[in-house]
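Please read the following account alongside the model.

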Amino acid sequence: MAVAQTDIAVASPALTKIRVAQILLAAAVLLAVARPFLPDFMIRVPDWAILPYDVWLQAMFDFIKDDLGLIYVTRGISAGLEYLLDITANLLYGKRRWPNFEPIPWTAIAGAAAVVGYWLGGWRLAALAGGTFVWVALIGQWKLAMQTMSVIVVAAPVAFLLGLVLGIFAWKSPRFERFLMPILSILQTLPFFTYLLPAVIFFKVGPTAGCVATIIYAIPPMVLMTSLGLKKVSPEVVEAGNMAGSTRWQMLRHVYLPAARTEILVGVNQVIMLCLAMVVLTAFIGMPGLGAKLLSLMNSLKLGRSFEIGVTIVLIAVTLDRLSKAWVVKQPEHFERGASWFARHKFLVTGIAVFVGFVIVARFVQVADHITRDQELSMGKEIDTVIRAALANDTVTAITDWLRWFLITWVLIPFRNALLWLPTSSVLLAIAAAGYAVGGRKSAMLAFTFFGIIALTGWWDRSIITLYAVMSAVVLAVLIGLPLGIAAARNPKWADPILLACDTMQTFPSFIYLIPAIMLFSVNDVAVVFAILIFATVPLTRYTIEGMRAVPQELIEAADMAGATRHQKLMNVQLPLALPTMAVGFNQAIMFAFFMVIIAAFIGTQDLGQELQKTLAGNDLGKNFVLGMCVALMALTFDHIIMRWSNDRRKKLGVG
């Protein structure tokens, strides 16, 4: 009897929580139905009630910039960064600045990359690393690629050092961590356009502003992984260091950091990939390189050359990803006592020898130094002809035209109009209901407040259009990613290849996904949703596979012994236990979609991304930040609701 009473006591709050959520949802539906009879202030926030966030923020930024003199500090930092960027630009592609050396020959960089690849991962990685740079040179994109790399080789180390220091401080001081973590969460959800305008205003246009935006964008994962790694250092290792009489600095240098090596190197991998992703996107603020060229070619719909640039960006991304991941798993080498310096540093010696050898060869052989326009193997025009011929095929045209007509006429536009038709009050109550269902009063208030702030900015309709694109793409991604992930998880032959494909696709800079979208559907809402769909399907598929594979084997065997069919095992055992992990994938898909919908503004949308892009032409920092805040608040709301549900579900299942 006591057990039954306890069960009721435990179940009661959950029942109450769901019931309150149902009441809120019913009220939201009632408001939507009663829209024709509602007063105007319940349909949309009236103009007089809209708060001038942009004016307030602009005044604050102007005060910080001019009255406090931050602009002079940033210009000093800008001069230092410009000095470093001039050095890397001179060495990589020959910008005539100090130290006024001739640019490094492409063969020397390709040879050194191959040696590094062999040291980290053997012949396959050597072929990938060396082959990537050979491709870049032969295809005639060396200068563009080196313009991009000249920023990455400055931004990545700076982001690494800043992230490492901040991560150490967050680990040492819980108070600082509580202050820092919300800022990092906001930085990770802000659209990239929000990084670009402050960088332009406070730093010089071009590579310097691009470098600053890239550094800020890449810091958060380094901070998080450093803090996580240091927290996970085992007490036995710490105790051994203390018993050896180590000082605090020695403990950090020789105990904590080496013990957290794996997590820190994972952070380095994330920094490198985010730097590459962002440095391509800084083309919007005048950053030269692959991103600027791709933006120009896509504007003029030169799809063949765009395809070549896209392949180059993907190859560089995959190469940097594989090299940094190989560095994560590579263990330090140990040599016998008395081993010579050359034996202990054979790869370093080999790399230097290869590098110097190719530099010398390049002095006498022109093609080893640089590839001229007449010598390059670019086939952009031929690829463009093939693509246009393929897209002009009657069957392909019929399919894409029908899909475009069907989705626009019967799915996307009706869905967008329906969301725009809903009263603001109805949407706020529905969001609060979702928050209450998973986290009670606090989550409901958080969700209501976040969307309420958006309503008070005056950008509600643009925010709803952004939300419509995200929701449309994520729903379609669920319809594709979940069945694909479930099928792959139940067939071991397909699981690893699909996971490899997901890993590879996650290394693609987001710009790349616009190319097939424009190729197939031209410039319209279908192209926007299609680009977001490809980007969002990857985490859904990946986490579905991981969640299904993580189900304990003994539970599956127990279901087999109970005579469960394959379908019963899936519905009653595997999916319920995999749902918390799958929810993480769903959350990632939404975050990716919010990121991608801003990039899709390039295609031509009517959402927040389009407005953000317009702000880059001026200096309206307040408006830029308000628009970015709207995107961040929507993303944070969904992140909180989904992750709260996932964590609660894990606790109930006893898996976390």
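Cys630 is buried, at 0% relative accessibility; buried means under 20% relative accessible area, exposed over 50%, and partly exposed in between, with a 1.4 Å probe and protein chains only. This is a predicted model, in which local features need pLDDT of at least 70, side-chain atom pairs count only at pLDDT 80 or more, and totals for chains, interfaces and linings use all residues. Residues are numbered from 1 along each chain as its sequence is written, and side-chain values use heavy atoms, with hydrogens and water left out.

Cys275 is also buried, with a relative accessible area of 0%. Which cysteine sulfur is closest to that of Cys275? The closest one belongs to Cys211, at 8.1 Å, which is too far for a bond. The structure holds zero disulfides, a disulfide being a pair of cysteine sulfur atoms within 2.5 Å.

Next comes a pair of helices. Two packed helices are described by the angle between their axes and the distance between the axes. Helix H24 covers residues 514–521 and helix H25 residues 525–549; their axes are 8 Å apart and they pack at an angle of about 145 degrees. Here axes are lines fitted to C-alpha atoms, for helices over the stretch in contact, and angles run from 0 to 180 degrees between N-to-C directions. Helices (H or I, at least four residues) and strands (E, at least two) are DSSP runs, numbered from the N terminus. From H24, Leu514, Pro516, Ala517, Leu520 and Phe521 meet Val526, Ala527, Phe530, Ala531 and Ile534 of H25. The residues of this contact are ten nonpolar, no polar and no charged; Ala, Val, Leu, Ile, Met, Phe, Trp, Tyr, Cys and Pro count as nonpolar, Asp, Glu, Lys and Arg as charged, and the others, Gly among them, as polar.

The loop between H24 and H25 contains Ser522. Ser522 is not a glycine, yet has a positive phi of about 60 degrees. With a relative accessible area of 41%, Ser522 is partly exposed.

Leaving aside neighbours within four places in sequence, Phe192 is in contact with Met278, Leu281, Phe284, Phe595, Ile598 and Ile599, where contact means heavy atoms within 4.5 Å.

Met222 lies in helix H10 (residues 207–231) and is buried at 0% relative accessible area. Not counting residues up to four places away in sequence, Met222 touches Ala159, Phe160, Gly163, Leu164, Ile264, Gly267, Val268 and Val271.

Asn587, in helix H27 (residues 566–599), counts as buried at 3% relative accessibility. Beyond its neighbours within four places in sequence, Asn587 contacts Phe638, Asp639, Ile642 and Met643.

Tyr256 belongs to helix H12 (residues 248–259) and counts as buried at 16% relative accessibility. Leaving aside neighbours within four places in sequence, its contacts are Trp171, Leu230, Val233, Val238 and Met251. Tyr256 and Lys232 are 24 residues apart along the chain, and their C-alpha atoms are separated by 9.4 Å.
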